[in-house]
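Hello,

Here is the structure I promised to pass on. Please open it and follow along with the notes below.

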Amino acid sequence: MTPSLTILGIETSCDETAAAVVRRHADGRAEALSSVVASQVEAHKPFGGVVPEIAARAHVEIVDAIAGQAMAEAGVGFEDLDGVAATAGPGLVGGVMVGLSFGKAVALARGLPLVAVNHLEGHAVSARLGAEADYPFLLLLVSGGHCQLLAVEGVGRMRRLGSTIDDAAGEAFDKVAKALGLGYPGGPALEALAERGDPARFPLPRALLGRKDCDFSFSGLKTAAARLAAAEVRTDRDRADLAASVQAAIARQLAERSDRAMAAYVQDHGGRRLFVVAGGVAANRTVRRVLEETAAARGFAFLAPPLKYCTDNAAMIALAGAERLAAGLASPLDAAARPRWPLDEASALADPTHKPGRKGAKA
Ligand code: KG4
Ligand code: ZN
């Protein structure tokens, strides 16, 4: 049995500077001793989205203070740590380099092993911060940059069952929110507005209906919603109804594809039926409810991370690092920052749903 491991995690891949200390007990249980998240939302608000240069500079300014706060809140010193985990991608490369360099500096100065963590692997293990979730499980990862279904077999061992062919679900929430004048970040604001709305008011297109795979598409929905926002939305009632209709349409598509993925998954995994949803969009209560119903209908147990571990945080990075260290998978000190880094590299190379850009397959 691996001894208990105490890991400092650093996350800087987007607009959150985060640090956390997580202890992975010998029996595999995870415990977050601290989790500090400093949001840059105010700095990006005037621009309606994340500005990479502003993000990178803001990370540089506070990453050491945030890491110090996480250590203090956890009540640990550097001598208590067994390793350092930092997000090495995918994400905005300037920010990733800040956090990864910080992690390397701590590792070098203190003689600790470094783990360069895939941000998406962090989301994949995040539900284990709130409950025990043994491998294997079926994962729906829904965030601002990603939307994919994966069979997670073990630490770093994943097989992609489906992914978005255009926008991510969080991106759809953000763009529709923008069209409704809700500002950035849009997901939580759209959810609040939708509470007062009628989800059946506006019919919205259903994507990829004829297909039998587990891929997603949100661009048609986004365009239709933007058109409705411009042409038919006049009153507060209209705005709430459109928000509710869009939220319901996104939740329905997530549920339909997850349902198909569950059917495929049970063929390989038989009785072990656990469905996990993670990523920022997993914070949405309608999405959670609809997915929980879908899982129940297929005989799957349902698990979603506690709300604070749905959106970006460093506890999930520290835990992914701890699991890798326990499996003997430390990284070299010259590990590179990777702006693009698919979780299931084999599937992404063989069938890039996101066609390879200049730098290779994105998701
Ligand atoms: O996981 P995350 O913090 O960052 C990425 O790795 O992308 O996800 C952020 C995304 C944003 O698009 C945000 O609008 C969405 O998650 N989000 C939500 C909610 N909270 C965050 N979408 C819908 N409802 C929410 N309550
Ligand atoms: Zn994320």
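Start with the hairpin of strand 2 and strand 3 in this predicted model. Five residues lie between the strands. Gly28 takes a positive phi there, near 95°. Strand 2 covers residues 16-24, and strand 3 covers residues 30-39. The two pair in the antiparallel sense, over nine bridges. Look across from Ala20 and you find Ser35 in strand 3.

Next, the aromatic rings. How many aromatic pairs does a search of the whole structure find? It finds four. One of them joins Tyr135 and Phe137. Their ring centres are 5.5 Å apart and their planes meet at 15°, so this pair is stacked. Planes under 30 degrees apart count as stacked. Phe216 and Phe218 form a stacked pair as well, at 6.2 Å centre to centre, with 15° between the planes. Phe137 is buried, with a relative accessible area of 1%. Phe216 is buried at 0%, and Phe218 is buried at 0% too.

Now the metal. Which protein residues are donors of the zinc ion (ligand 2)? They are His119 (NE2), His123 (NE2) and Asp312 (OD), lying 2.0 to 2.1 Å from the zinc ion. Along the chain, the donors follow the spacing H-x3-H-x188-D. His123 sits in helix 4 (residues 119-125). Asp312 sits in the loop between strand 10 (301-303) and helix 10 (315-326). The two are 189 residues apart, so the pair links distant parts of the chain. Both His123 and Asp312 are buried.

Why is the arrangement around the zinc ion (ligand 2) tetrahedral? The four donor atoms subtend angles of 95 to 134°, and the rule asks for all angles between 85 and 135 degrees.

Best wishes

How values were computed: Residues are numbered from 1 along each chain as its sequence is written. Chains are lettered from A and ligands numbered from 1 in the order in which they are written. This is a predicted model: local features need pLDDT of at least 70, side-chain atom pairs count only at pLDDT 80 or more; totals for chains, interfaces and linings use all residues. Side-chain values use heavy atoms; hydrogens and water are left out. Two strands pair if DSSP finds at least two bridges between them. Helices (H or I, at least four residues) and strands (E, at least two) are DSSP runs, numbered from the N terminus. Rings of Phe, Tyr and Trp (its six-membered ring) pair if their centres lie within 6.5 Å; planes under 30 degrees apart count as stacked, over 60 as edge-to-face and the rest as tilted. Buried means under 20% relative accessible area, exposed over 50%, partly exposed in between (1.4 Å probe, protein chains only). Donors are N, O and S atoms within 2.8 Å of the metal (3.2 Å for Na, K and Ca); water is not among the atoms, so sites may look incomplete. Four donors count as tetrahedral if all angles lie between 85 and 135 degrees; four count as square planar and six as octahedral if opposite donors are over 155 degrees apart and all others between 65 and 115; anything else is irregular.
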